[in-house]
Amino acid sequence: MPWKLAWVGAHGGAGTSTLAAVFGGVDLGREWPRPDRGEPGSVLLVARTHAAGLQALSRALDKVRTGEHPAGVEVVGAVLVADAPGRLPRDLTRRIKVISSVVDIHRVPWVPGWRTGDLTVPPPRGTASLSRLTSASNQSPESKS
């Protein structure tokens, strides 16, 4: 089945390969998809929750706003992957609130098993909306009916 969803990292180490392995879809690393070459046009932008990750996500979203991305690409959301266990500092939480005013945000908490390469660990609680989005995006049109 061809995937209809691409994971694009706003920066290196964002977690696109892990998310693609766990949730399905195509890991494109930091490259925008090329729908004209048969790559999926629906994109989830991925970033870590540290300051540099959120800045990179903001820059990627600005490229979308100004049209500096391939034709046929639609950003369907952003996925923020925890950069460490625990709560975020207030300034990062405020930054996420600003970003969420322009794109739907999906949060993925710290998963110790993923850090050691155990991708058999089930997706964490709180990722149900992301699971639904990726499942719906990656179904063929016939299976959606």
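## Basis of the description

Residues are numbered from 1 along each chain as its sequence is written, and side-chain values use heavy atoms, with hydrogens and water left out. Because the model is predicted, local features need pLDDT of at least 70 and side-chain atom pairs count only at pLDDT 80 or more, while totals for chains, interfaces and linings use all residues.

## The nonpolar cores

A nonpolar core is a set of buried Ala, Val, Leu, Ile, Met, Phe, Trp, Tyr and Cys residues joined through side-chain atoms within 4.5 Å; buried means under 20% relative accessible area, exposed over 50%, and partly exposed in between (1.4 Å probe, protein chains only). The largest such core has 22 residues, of which Val43, Leu45 and Leu57 touch the most other members. At least two residues each come from strand 1 (5–9), strand 3 (42–48), helix 2 (51–65), strand 4 (74–81) and helix 3 (90–99). Helix 2 gives the largest share, five residues. Helices (H or I, at least four residues) and strands (E, at least two) are DSSP runs, numbered from the N terminus.

Contact means heavy atoms within 4.5 Å. Leaving aside neighbours within four places in sequence, Leu45 is in contact with Val8, Trp32, Leu57, Ala60, Leu61, Val75, Gly77, Ala78 and Val79. Another core, of 15 residues, lies apart from the largest one and includes Ala20, Val79, Val108 and Leu130.

Leu92, Ile96 and Ile99 of helix 3 are buried. Viewed down the helix axis, the buried residues of helix 3 fall within an arc of 60° and so line one face; the arc is that of the directions from the helix axis to the C-beta atoms. These buried residues pack against helix 2, strand 4 and strand 5. On the other side of helix 3, Arg90, Arg94 and Lys97 are exposed.

## Two buried loop residues

Val103 is located in the loop between helix 3 and strand 5 (105–108). Its relative accessibility is 9%, so Val103 counts as buried. Not counting residues up to four places away in sequence, Val103 touches Leu61, Val75, Gly77 and Ala78.

Thr127 belongs to the loop between helix 4 (112–115) and helix 5 (128–137). With a relative accessible area of 2%, Thr127 is buried. Its contacts, leaving aside neighbours within four places in sequence, are Phe23, Arg107, Val108 and Pro109. The side chain of Thr127 also reaches the backbone oxygen of Pro124, at 2.6 Å.

Technical notes. A polar contact is a pair of N or O atoms within 3.5 Å; within protein, one must be able to donate a hydrogen and the other to accept it, and residues adjacent in sequence count only if both atoms are side-chain atoms.
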